[in-house]
Amino acid sequence: MDNQTTGLAAHDGEIDLRELFSVLWEGKIAIVFVTALSAVISVSVALYLPNKYTSEALLAPRAEGGVGGGLGQLASQYGGLASLAGINIGGLGEGGKTAIAIEMLKSREFFGEYLYDHVLIDLMAAEGWDRASNSTVLNPSVYDAVSRAWVKNVGPSEQAKPSIQEAHRAFVQDVLSVNTGNQGGFITIGATHYSPSVARDWVLLIVNGVNDAVRARDVEEAENSIAFLNEQRQKTSLVSLTEVFAELIEQQTKTVMLAAASEEYVFQIIDPPVAPELKSEPSRALICILGVLLGGMLSVVYVLIRHYAKGDGRRSSSDGLGETGGAVSR
């Protein structure tokens, strides 16, 4: 008895592979059933999910020389005076305007002013795409296309029409993609939607909108600076300061002229967006593979837990009977 007890103790806590495979073989029916059920569910989910398409545009930041370079030369001489006028001359360094434009197109203010009214219905109410008519399929429980009214069920203090903040969150999380890691400083802006045409139109809307937004901001700053410099030039009688004001006014006037003459003010489109023919998501094969693997692992875990739970129950029962028998013998 002592040798047997020692032998059992020596194997306590170790995994017997033959026993493990035996347990799995005994539970093969449960494993096959759960795995097959997971496969059916994953295939159903993969087939149910509608296709989404991503359209992208390759952009090149416009060179910031020219007017920017002229202002940069004046920065070392008249930086203090220019800052009083609200003129930004080289404060952000090379690529500063591009960095501002990228952050601007992600902002809630830009979305509300340039995108919200144009993308709201297709963004918040779409649930698919009809290839035959090339039209977006809208969810009737969210938006009534006939009456053109939002019918989503909301609380008494909320509006059925999605707010700018709600739509902006959905747009940034599910639609917009910006890649700045391309070699040569190129930028890729993409949009994802059920409809390839909508995705393409949204990319153009984003690029044109951010060009207009940065242009409007620069023009406003330049006009305010010109007005301030003209006012200060009229107040001074020093010829040297008058010449300084004239140079600064000239540079700001060039900024206004350049903004008015250039449609692609910040980003130049190198490769325009197109309506993609191939979907970008979902990856149905990956969904099916992951579903089968997950089902197989869960079934194996279930079989092992069931077996060892029963084993512990039998061991506890036998231990109890042994102790009872020993007490009776005494």
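Student: How do β1 and β8 pair?

Tutor: Strand β1 (residues 53-61) pairs with β8 in the antiparallel sense, over four bridges; strands are DSSP runs of E, at least two residues, numbered from the N terminus, and two strands pair if DSSP finds at least two bridges between them. This is a predicted model: local features need pLDDT of at least 70, side-chain atom pairs count only at pLDDT 80 or more, and totals for chains, interfaces and linings use all residues. Residues are numbered from 1 along each chain as its sequence is written, and side-chain values use heavy atoms, with hydrogens and water left out.

Student: Which residue in β8 does Leu59 stand opposite?

Tutor: Ile269.

Student: And what is the strand order in the open sheet?

Tutor: The order of the four strands is β6-β7-β1-β8, with antiparallel pairing. β6 (176-179) and β8 (267-271) each have a single partner strand, so one side of each is left without a neighbour in the sheet.

Student: Switching to the hairpin. How many residues lie between β2 and β3?

Tutor: Four, and Asn134 in the turn has a positive phi of about 50 degrees. Four bridges join β2 (residues 126-130) to β3 (residues 135-138), and the two run antiparallel. Asp130 stands opposite Ser135 in β3.

Student: Now α3. Which residues are buried there?

Tutor: Ala30, Ile31, Thr35, Ser38, Ser42 and Ala46; buried means under 20% relative accessible area, exposed over 50%, partly exposed in between (1.4 Å probe, protein chains only). Helices are DSSP runs of H or I, at least four residues.

Student: What is exposed on the other side?

Tutor: Ile29, Val32, Phe33, Val40, Leu47 and Tyr48 are exposed on the other side of α3.
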